[in-house]
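The following exercises concern a single protein chain. Please work through each task before reading its solution.

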Amino acid sequence: MNRIIINVAGASSRISRHIYGHFSEHLGRCIYGGYWVGPDSPIPNVRGIRKDVVDALKKIKIPNLRWPGGCFADEYHWKDGIGPRPGRPKMINTHWGGVIEDNGFGTHEFLDLCEQLSELGSPRCEPYICGNVGSGTVQELSQWVEYCNFDGISPMAELRRKNGRENPWKVRFWGIGNENWGCGGNMTPEFYADNYRRYAVYTRKYEDTTPFKIACGPNSDNYRWTKVMMEKTCSERGNNPDGLALHYYTVPGEWGHKGSAVHFNEAEWYATMHKANFMDELITRHCAIMDEYDPKKKVSLIVDEWGTWYDVEPGTNPGFLYQQNTIRDALVAGIHLNIFNNHSERVSMANIAQTINVLQSVIFTDGDKMMLTPTYHVFDMYKVHQDALKLPVHVESKTNHTGPSTVPAITASASEDDNRKVHISLTNIELNNELPVQLDIRGIPLKYNGGTIITSENMNDHNTFEQGSKVRIGEFKGAVTSHGGRYTLNLPPKSVVTLELE
């Protein structure tokens, strides 16, 4: 019997809603055709932004959106993307496909998108802007912050008003560069740390908007980068980062041959699950280093790029990174979100890559058509954990062997919302076997209220415009029996389940 112990009385921190964030870059059809169709498009839009996409993202309570990159960010000069659109300069997107970038979607359009994504009366979808450190200047980033946030008399505030925006947007999240160990300048951690401190000085507070400054963190298991960054930036002099960004992608094969998003076998399924679970080790080890220099956890770990990365779909532009999304990706999403929930004392934000039509997207578009992916449905199920109290979870699970390594068949996380409802999210990576699970709920008595599930008959099942949605969210109809605070159920194969108790 697989056993999960949940201490309802042991809640000590909240799961930040920002763990459920998204990332959208000027890459492929993420921005153009994804969000942006232009105000003259026959596709229903508000000021050029697709209504169907906005409605779908509002449903999953998108808490933040990272933009404009990615590698694109460190070649992006924000003044090219403001003012009347016909007069904006065109450029070549050298990172992604060599296509023309006409700068039709810039700062005003992005921040309009975030405002449209914000439900009235709910926490807003906060913009997270990534600044250009690789090819930009300190002045350029400083002026971008001023343009967005200053409400007084200054050249940038006047320029914003000239371009049609009277009030500042009060952008809180600012990335000080992106992947500066790679496409953002091939820097050493020592060189970047010095640059971070310099740029951070001029990323200023205006009125009541204090920038939350996110430093470029490590690539995967580069623990030395984390150590150097914490040594050189955590000091009593101030301008310490508020966050350190970790990037890690789940790649079942090798970078030269990552594997197909749809045509894979059982060995590749379990290899993918092994790579997804590696996120837990990464966070644990990076957090241990951060704890040495920041025991009070003032610096957050920000996993602002994560998700699956496969070979592009045949016949598509290799620079557009378009890939399909199967039930396998739903499991990867559930595993990651469980890991982030369980590390929420240090992990305060995460951003899946990327929201629309790129990598592990939650939405596909094709002309005027829109479709939700299996990954979207996981975010829909897990939105109950946003800003809820994290409950300590201990999992005793069967393990699967993937070559020399093992991976747990079951992962779990749990939370209690403000209405005293407890939600437990579970994943089962077994392809063919349902797994008996015993939930040992400690602290207070609870009553089972039902649940939701994502699963499918075949491991390669996915949603297409031609054949419709094979993989979607449904009601969990399995029997859940209780006795003395213990609940038993059978967890279906290749499934993600969220249960509610109160």
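**Exercise 1.** At what angle do helix α8 and helix α9 pack, and how far apart are their axes?

*Solution.* The structure is a predicted model, in which local features need pLDDT of at least 70, side-chain atom pairs count only at pLDDT 80 or more, and totals for chains, interfaces and linings use all residues. Residues are numbered from 1 along each chain as its sequence is written, and side-chain values use heavy atoms, with hydrogens and water left out.

Step 1. Locate the helices, which are DSSP runs (H or I, at least four residues) numbered from the N terminus: α8 covers residues 327-342 and α9 covers residues 374-382.

Step 2. The angle is about 35°, and the axes lie 8 Å apart.

Step 3. Assign the hand: the crossing of α8 and α9 is right-handed, the near helix being turned clockwise from the far one by less than a right angle.

**Exercise 2.** Which residues of α8 and α9 meet?

*Solution.* Step 1. Apply the contact criterion (heavy atoms within 4.5 Å). From α8, the residues are I327, D329, A330, A333, G334, L337, N338 and N341; from α9, they are P374, T375, V378, F379 and Y382.

Step 1. Sort them by class: 8 are nonpolar, 4 polar and 1 charged. In this scheme Gly counts as polar, and Pro as nonpolar.

**Exercise 3.** Which residues touch the most other members of the largest nonpolar core?

*Solution.* Step 1. Define the core as a set of buried Ala, Val, Leu, Ile, Met, Phe, Trp, Tyr and Cys residues joined through side-chain atoms within 4.5 Å. Buried means under 20% relative accessible area, exposed over 50%, and partly exposed in between (1.4 Å probe, protein chains only).

Step 1. Among the 137 residues of this core, the answer is W269, I283, W306 and F340. Helix α7 (residues 266-293) contributes the most, with 10 residues.

Step 2. Examine I283: beyond its neighbours within four places in sequence, its contacts are L246, L301, V303, I339, F340, H343 and V347.

**Exercise 4.** Which cysteines does a disulfide join?

*Solution.* Step 1. Search for cysteine sulfur atoms within 2.5 Å. The count is 1 disulfide, joining C71 to C183 at an S to S distance of 2.2 Å.

Step 1. Describe the link: it is left-handed, with -90° about the S-S bond. C71 is buried at 10% relative accessible area, whereas C183 is partly exposed at 28%.

Definitions and conventions:
Axes fitted to C-alpha atoms, helices over the stretch in contact; angles between N-to-C directions. Helix = DSSP H or I, 4+ residues; strand = E, 2+ residues; numbered from the N terminus.
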